[in-house]
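Here are my notes on this model, as promised. Have it open while you read.

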Amino acid sequence: MENNDQTVTYQPPKMPEVHAVSFETIRSALKAGISDFLRAPLFGLFFGGIFAAGGWFILASLMYLNMPWMIIPVAIGFPLIGPFVAVGLYEVSRRLAAGKPLVWSEVLLVMFKQRERQLSWMAFVVLFIFWMWIYQVRLLLALFLGFKSISTIPRFIDVITSTHEGMLFVGVGTISGAILSFFLFSATVIAMPLLLDRELDFISAMIVSFKTVFKSLVPMVSWGIIVVALAIIGMIPAFLGLIIVLPILGHATWHLYEAAIGSENKAT
């Protein structure tokens, strides 16, 4: 009898080549991000407005739950979900670079379709780490400030700046938060635009993202610091600054991705 059984062998995904990133690359990406925002301001304001509205919702929820002391930790961790919100901005930049028309329905449809692709798994990773940050803050609050009254924001600021326990809370929280932030930044900075741009599993995309960061550690960490600094500045006036800051950073991240992966590796 003829044997029709066929052995299926696993073919690992083709990993894109990673190029080194320099400070000049970052400067050019940021410049291109500003240019994209000015070329398509309505798209930028729309997606930036969604992010700002999310901040207002969280702020209102904490006030409603009578947990105002969590506003500062949540605000610090809030930019962690920025890469996922910026997916629409990546698509806008991709279309601008390709000379394609910007049609609202098409851009939003691309975003909507991501729920069926690997980006949905990346969203889970991002939100999981964000919740890890929130629960870590609550744990540190209980360990260091459990017996102190911090029912208001001014009281919370006073406690963490004028007491030994408060300073320990800030110190430990800063170190652990920096570790979480570095891990999330390394896992997503290239992975998010990469998964939008081509078919690749989210684990492979995270590996590529980590490779990009560690291949150009100082410039990439500097980019992460720029992103965090601008995001915090944007949050100061009741999240309003994020309406401008987030679109610029989102567009810039797309151009950073293109520089890091290289045009010869772009999917056709």
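The points below go from the ground rules to the core, the surface patch and the salt bridges.

1. Ground rules. This is a predicted model, so local features need pLDDT of at least 70 and side-chain atom pairs count only at pLDDT 80 or more, while totals for chains, interfaces and linings use all residues. Residues are numbered from 1 along each chain as its sequence is written, and side-chain values use heavy atoms, with hydrogens and water left out.

2. The core. The largest nonpolar core has 65 residues (a core being buried Ala, Val, Leu, Ile, Met, Phe, Trp, Tyr and Cys residues joined through side-chain atoms within 4.5 Å; buried is under 20% relative accessible area, exposed over 50%, partly exposed in between, with a 1.4 Å probe and protein chains only). Helix H7 (residues 119–145) gives this core its largest share, 12 residues. Helices here are DSSP runs of H or I, at least four residues, numbered from the N terminus. Met122, Phe169, Val189, Trp223 and Leu256 have the most contacts inside the core.

3. Phe169 up close. Leaving aside neighbours within four places in sequence, Phe169 touches Val137, Leu140, Leu141, Phe144, Leu145, Phe156 and Ile160 (contact: heavy atoms within 4.5 Å).

4. The nonpolar patch. H2 (41–64) and H6 (104–113) each supply at least two of the residues, and H2 has the largest share, with four. Leu108, in H6, is partly exposed at 36% relative accessibility.

5. Arg27 pairs with Glu24 at 2.7 Å; they sit three residues apart in helix H1 (residues 23–39), so about one helical turn separates them. Arg27 is partly exposed at 47%, and Glu24 is partly exposed at 42%. Asp36 and Arg39 are bridged at 3.9 Å, also three residues apart in H1, but Asp36 is buried at 3%.

6. The network. Which residues are linked in a network of salt bridges? Glu91, Arg94, Arg95, Glu106, Asp197 and Arg198. Within helix H5 (residues 87–98), Glu91 and Arg95 are four residues apart, bridged at 2.7 Å, and both are buried.

Notes. Salt bridge = Lys/Arg side-chain N within 4 Å of Asp/Glu carboxyl O.
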